[in-house]
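Morning, everyone. I have one structure to walk through today. Have a look at it first.

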Amino acid sequence: MNTTRRGFGIDIGGTGMKAAIVDLNTGDLLSERLRIDTPQPATPDAMAEVVCELITGHEWNGPLGVAFPAVVRHGVVGSAANIDKGWLDIDADALFTEISGVDVHMLNDADAAGIAEMRFGVGALPDGSPRPGVVMMLTFGTGIGSGLFVDGVLVPNTELGHLELDGHDAEKKASAKARDRDELSWKEWGARVERYLRHVEALFSPDLFIVGGGVSKKPDKWLPYIDIDTEIFPAAMANNSGIVGAALAMERHPG
Ligand code: BGC
């Protein structure tokens with residue numbers, strides 16, 4: 001009989017910080033999803049306080065994972081495209097661990113989403129093993145995040161949202177935020193996403209794209225406008241992939 005293995009994940013975004021207890025065997029949430037507005041300005045200290053609130057809100061006292069919208073190398077933040085610049089070079093693992101009193105491991109948000117999809121979502125085979133080959137998770141939100149998997153192994157921090165395309169940082173044109181900002185129809189936005197995916201396709205020849213972020217909940221709106229050679233699927237886990245992936249990542253970095 002399988003005993004439940006519990007983990008805890010926090011997903012940090014530009015507007016909200018969300019957390020839940022996760023069943024590590026199934027990817028199901030074992031608690032409600034607590035959400036607290038991201039403090040503004042979103043400085044490391046202000047966010048660390050919210051992390052503590054989320055932990056105590058769930059009465060969690062074990063290790064936990066945090067998904068974060070930046071480059072995170074071994075727990076140290078290495079970029080700040082859409083976050084407070086005060087995060088640059090901060091050892092987030094050390095800061096959050098010290099303030100919360102439990103072991104915390106931070107990783108990039110798209111990497112976390114990809115880890116969840118490769119275990120429980122579109123990137124998992126029926127027997128639960130990760131799909132072999134080159135699988136690319138792309139999340140469309142405020143920016144574009146990427147998580148690259150080669151035979152199930154993550155190549156962290158690929159940052160493919162910042163590829164330069166037609167003279168622009170790609171995420172500035174093809175993120176979900178760009179669709180809102182430029183008041184694009186789904187067809188217009190789809191054309192931009194297709195252009196972007198074709199570029200990534202040419203560079204990486206992936207076997208599969210998994211598309212996450214809010215748009216993964218309404219694939220009928222944009223997927224018909226995407227004509228590429230690579231197989232492409234909306235993410236299966238939508239809103240929870242960051243939380244679940246963060247919880248799973250902690251499992252790989254115990255202590
Ligand atoms: C950041 C990435 C992040 C992505 C999605 C980009 O602007 O550079 O680290 O994964 O946004 O949040």
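**Overall fold and ligand site**

Start with the whole chain. It has 255 residues, and a compact globule of that length would have a radius of gyration near 18 Å; the protein chain has 17 Å, which agrees. That radius is taken over C-alpha atoms, and the globule rule is 2.2 Å times the number of residues to the power 0.38.

A word on the source. This is a predicted model: local features need pLDDT of at least 70, side-chain atom pairs count only at pLDDT 80 or more, and totals for chains, interfaces and linings use all residues. Residues are numbered from 1 along each chain as its sequence is written, and side-chain values use heavy atoms, with hydrogens and water left out.

Along its principal axes, the C-alpha trace of the protein chain spans about 50 × 45 × 30 Å. The protein chain has 8 helices and 14 strands. Those are DSSP runs, numbered from the N terminus: helices are H or I with at least four residues, strands are E with at least two.

Next, polar contacts, meaning pairs of N or O atoms within 3.5 Å. The side chain of Asn82 puts an N or O atom 2.9 Å from a ligand oxygen. For Asn108, a polar side-chain atom lies 3.0 Å from an oxygen of the ligand. For His162, the side-chain N or O atom is 2.7 Å from a ligand oxygen. The protein covers 93% of the 310 Å² of accessible area that the ligand has on its own. Areas come from the Shrake-Rupley method with a 1.4 Å probe.

Last, two backbone points. Most residues other than glycine have a negative phi, and most peptide bonds are trans. The bond from Gln40 to Pro41 is cis, with omega near -5 degrees. Pro41 is in the loop between strand 3 (34–37) and helix 1 (44–57). Asp89 has a positive phi, near 70 degrees. Its loop runs between strand 6 (76–77) and helix 2 (92–100).

Key. Polar contact = N/O pair within 3.5 Å; in protein donor to acceptor, adjacent residues only side chain to side chain.
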